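User: Can you walk me through this one? I'd like to go topic by topic.

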Amino acid sequence: MMQALRELQQTQGAILSNDGIPISFGNAVAALEAVSTGAALVDRSHWGVIQMTGGDRLRFIHNQTTNAFTQRQPGEGCDTVFVTSTARTIDLATVYVTEESLLLITSPGQDQRLINWMDRYIFPADQVSLTNLTQDMAVFSLIGPGSADTLKQLSIEIGTDCFYGDHQSVSLHNLPVRLAVGSGLGLPGYTLLVAAEAADQVWQLITDAAAVPVGEALWQQLRVQQGRPAPNHELTEDYNPLEAGLWQAISFEKGCYIGQETIARLNTYQGVKQQLWGIRLGGTAQPGESILVGDEKVGLLTSVVEASHGPMGLGYIRTKAGGAGLEVTVGEVKGVVVDVPFLARGYLTANS
């Protein structure tokens, strides 16, 4: 159902991966400019979409993940983390509460994994049903300070009192779209969910409104620069969500949920022994390489991208070793530790 969208994107200069994901539109300079001063449009349709229905859905997701849901109302949304019983991270998801269901946006390739995980905890008396909508929905993100102006050109007005995760159903030239506040990064923007059969029409309308199409390569660059952790990199069973800096996705007020005892203990007793940081690198390094201070190993590099200012990485560093400003070595390359916007350092300070 995405064939028409892919053909349209190719006419706009898209280079597709073997999986059909737009890697680049050959417009790196314009794309970076759009993210900084205008609006960029990213295709996230390879991310997972799960629909949860049934009368127990809010209670169920409340008990399965780190954030609080029982009091959330239709039109609200938030990030939450799926963790193991020992609080090791599985995935960072965004959940939108609607009148009839919950819509979960998962990381790429994590949709069926999370469905299988949740199925283990659905008992016969639970009124909860899960449907994988990944093949039926397209997910786009508008990123940049001009995103609201782009939507205005399409006759969509966003209230100034909206918070991250707030969402609504809108009509885009008679095409139904669910529009949510938040780009998926620590940057201004919006996320749009649309039926796959209308994806090409919606993409065309938004790019006609001067949004610059950008590909997966720039998304990954922005992800690392912003500090959003990803599965198989920063989100693995080697780390917990506090180490990953995902404090804004955790409720410390609610009761029991999977992994809650470990997370509460780490928070109460200041047990976070390592933290995720950005690292500006002086040369090329590879994920999996050790981070050193002098001759001492203090952490592990988890992601690397080539940014406009040079190589940039993410890595876990022992808390006692230091934070922003720390000079490190990764392989043969020198680097300096920097803060990244996506990670809630202020929240961490308030709770440690």
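**Loops, helices and a cavity**

Analyst: Arg120 counts as exposed, at 54% relative accessibility. Keep in mind that this is a predicted model.

User: Where does Arg120 lie?

Analyst: Arg120 is in the loop between α4 (111-119) and β8 (129-132).

User: And how far apart are the C-alpha atoms of Arg120 and Leu142?

Analyst: They are separated by 35 Å. Along the chain, Arg120 and Leu142 are 22 residues apart.

User: Backbone next. What is the phi of Ser155?

Analyst: Ser155 has a positive phi of about 65 degrees, and it is not a glycine. Most residues other than glycine have a negative phi.

User: Where is Ser155, and is it buried or exposed?

Analyst: Ser155 sits in the loop between α5 (147-153) and β10 (167-172). Ser155 counts as exposed because its relative accessibility is 67%, and the cut-off is over 50%.

User: What about phi of Ala210?

Analyst: Phi of Ala210 is also positive, near 85 degrees. Ala210 belongs to the loop between α6 and β13 (212-214). With a relative accessible area of 55%, Ala210 is exposed.

User: Switching to helices. How do the axes of α1 and α6 cross?

Analyst: Helix α1 (residues 3-11) and helix α6 (residues 199-208) have axes that come within 7 Å and cross at roughly 30 degrees. Angles under 35 degrees count as roughly parallel, so α1 and α6 are roughly parallel to each other.

User: Which residues meet there?

Analyst: From α1, Ala4, Leu5, Leu8 and Gln9. From α6, Ala199, Asp200, Trp203 and Gln204. By class, that contact has five nonpolar, two polar and one charged residues.

User: Now Gln221. Buried or exposed?

Analyst: Gln221 is buried, with a relative accessible area of 10%. Gln221 is part of helix α7 (residues 216-226).

User: What is Gln221 in contact with?

Analyst: Leaving aside neighbours within four places in sequence, Gln221 is in contact with Leu32, Val305, Glu306, Ala307 and Ser308.

User: Last topic. How many cavities of 30 Å³ or more does a search of the whole structure find?

Analyst: One. The largest cavity has a volume of about 80 Å³.

User: Which residues line the largest cavity?

Analyst: The lining is Arg44, Trp47, Thr94, Tyr96, Ile105, Tyr164, Val181, Gly182, Ser183, Gly184, Thr191 and Arg228.

User: And how does that lining divide by class?

Analyst: Five nonpolar, five polar and two charged residues.

Definitions and conventions
Residues are numbered from 1 along each chain as its sequence is written. This is a predicted model: local features need pLDDT of at least 70, side-chain atom pairs count only at pLDDT 80 or more; totals for chains, interfaces and linings use all residues. Side-chain values use heavy atoms; hydrogens and water are left out. Axes are lines fitted to C-alpha atoms, for helices over the stretch in contact, and angles run from 0 to 180 degrees between N-to-C directions. Helices (H or I, at least four residues) and strands (E, at least two) are DSSP runs, numbered from the N terminus. Angles under 35 degrees count as roughly parallel, over 145 as roughly antiparallel, 65 to 115 as roughly perpendicular and the rest as oblique. Contact means heavy atoms within 4.5 Å. Ala, Val, Leu, Ile, Met, Phe, Trp, Tyr, Cys and Pro count as nonpolar, Asp, Glu, Lys and Arg as charged, and the others, Gly among them, as polar. On a 1 Å grid over the protein atoms alone, a cavity is a set of points where a 1.4 Å probe fits but cannot get out, and a pocket is an open set with protein on both sides within 12 Å along at least five of seven lines; lining residues have an atom within 4 Å of a point. Grid points are joined across faces, edges and corners, and a volume is the space filled by probe spheres set on the points. Buried means under 20% relative accessible area, exposed over 50%, partly exposed in between (1.4 Å probe, protein chains only).
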